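This briefing is intended for a reader who meets this structure for the first time. Please keep the sequence and the three-dimensional view at hand while reading.

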Amino acid sequence: MEAGGTDATGRPRGSESARPAGRRRIHGYDVIRGFSVVSMVGFHLCYDLAFIEDVSLPWFRPPYQDVWRASISWTFLLVAGMMCSHSRSNLRRAARYLGVAAAIYVVTLVAAVDTPISYGIIYCMGVSTLVAWLLGALLDKVGASQRGARTITVCTVTLVVAFLLCLEVPQGRFGLGQFGGPSVAVPLGPYRSGLLSWLGFPGPTFASGDYYPPLPYTLLYLAGVCIGRLVALRGEPMWLERLSCRPLEWVGRHALPVYVLHQPVLLAITMPVTG
């Protein structure tokens, strides 16, 4: 961070009070993230039993399965976006996510237990954090203006609406069809070659065990970034500062290693049991 000027909160850069949020841990974020991680482990346990071990779980089907999945992944992305305001280096954070995503692809390809994970949620968080890092200077400038909070609020609402409209772009549709509203077909051009699968236009033969492309999910992540900026401008809500649960906080602080390790552990448990 360069000396001089002000940060997103309007405080002088370089002072001890310039980034209190980055030095003071808000345990409520860890609780929310930890709860989502526990929910994710439960979801993947049900997935392994139903689709790998052929255990009958008739309730583990859409729409309940889709709602459960979205409650986990959307929370991950929003909270990860909000954490950009607390990170010392979003560039290093993005590199860490992308490195883990690459390792996950290699491991799932070699293990061949299920479809390899090409562009999963960790990849999405890496790309999204990189985009947030690139936009950091612009957000600093907006946040330092007198109308910064209003501008960021408008950006947040716009990003959420755009996310909902683009939610079915990987399936070739744009609009609110998933929610019973109108939608239109996206032209087939971007999908034909498969070269834009990484972005959100999967090719005809593309397959992945977990698929969270930047379009639409980076839009949700960036909405989280904007919410984090609003919180930095207005202060942490009291309920978030008071929210506490030691076990969930521990899981939330170690969300990435738990994510990496939980599936091998689940498979090691379920395979012998259902054997």
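Phe51 counts as partly exposed because its relative accessibility is 41%, which lies between the 20% limit for buried and the 50% limit for exposed. Its ring is paired with that of Phe60, a residue that is buried at 1% relative accessibility. The model is predicted, and the points below are grouped by topic.

**Aromatic rings**

- The whole structure contains 14 aromatic pairs.
- In the pair formed by Phe51 and Phe60, the ring centres are 6.2 Å apart and the planes meet at 55°, so the arrangement is tilted.
- Both residues belong to a cluster linked by ring pairs, whose members are Phe43, Tyr47, Phe51, Trp59, Phe60 and Trp68.
- Tyr119 and Tyr123 form another aromatic pair, with a centre-to-centre distance of 4.9 Å and an angle of 55° between the planes; this pair is tilted.
- Within this pair, Tyr119 is partly exposed, with a relative accessible area of 24%, whereas Tyr123 is buried at 11%.

**Overall architecture**

- The protein has twelve helices and two strands.
- Read from the N terminus, the order of elements is α-α-α-α-α-α-α-β-β-α-α-α-α-α.
- Of the 275 residues in the protein, 42% are buried.
- Among contacts with a separation of 6 or more, 69% are between residues 24 or more positions apart.

**Surface**

- The protein has an accessible surface of about 14,900 Å², and carbon and sulfur atoms account for 66% of that area.
- Leu91, Leu98, Leu130, Trp133 and Leu134 together make a nonpolar surface patch of about 430 Å².
- Helix 4 (90-111) and helix 5 (121-134) are the elements that give two or more residues to this patch.
- The most is given by helix 5, which supplies three residues.
- Leu130 is located in helix 5, and its relative accessibility of 31% places this leucine in the partly exposed class.

**Cysteines**

- How many disulfides does the structure contain? The count comes to zero disulfides.
- Cys155 is in no disulfide: the nearest cysteine sulfur belongs to Cys226 and is 5.3 Å away, whereas a disulfide would require the two sulfur atoms to be within 2.5 Å.
- Cys155 is partly exposed, with a relative accessibility of 36%.
- Cys124, by contrast, is buried at 0% relative accessibility.

- Where is Val186 found? Val186 is part of the loop between strand 2 (183-185) and helix 8 (189-192).
- Val186 has a relative accessible area of 17% and therefore counts as buried, since the limit for that class is under 20%.
- Leaving aside residues up to four places away in sequence, Val186 touches Gly172, Arg173, Phe174, Tyr191 and Phe201.
- Pro170 is 16 residues from Val186 along the chain, and the C-alpha atoms of these two residues are separated by 9.4 Å.

Terms used
Residues are numbered from 1 along each chain as its sequence is written. This is a predicted model: local features need pLDDT of at least 70, side-chain atom pairs count only at pLDDT 80 or more; totals for chains, interfaces and linings use all residues. Side-chain values use heavy atoms; hydrogens and water are left out. Helices (H or I, at least four residues) and strands (E, at least two) are DSSP runs, numbered from the N terminus. Buried means under 20% relative accessible area, exposed over 50%, partly exposed in between (1.4 Å probe, protein chains only). Contact means heavy atoms within 4.5 Å. Accessible areas come from the Shrake-Rupley method with a 1.4 Å probe; for residues, only the protein chains shown count as cover. Patches are made of residues with over 30% relative accessible area and no salt bridge: like charges are joined within 9 Å, nonpolar side chains (Val, Leu, Ile, Met, Phe, Trp, Tyr) within 5 Å. A salt bridge is a side-chain nitrogen of Lys or Arg within 4 Å of a carboxyl oxygen of Asp or Glu. Rings of Phe, Tyr and Trp (its six-membered ring) pair if their centres lie within 6.5 Å; planes under 30 degrees apart count as stacked, over 60 as edge-to-face and the rest as tilted.
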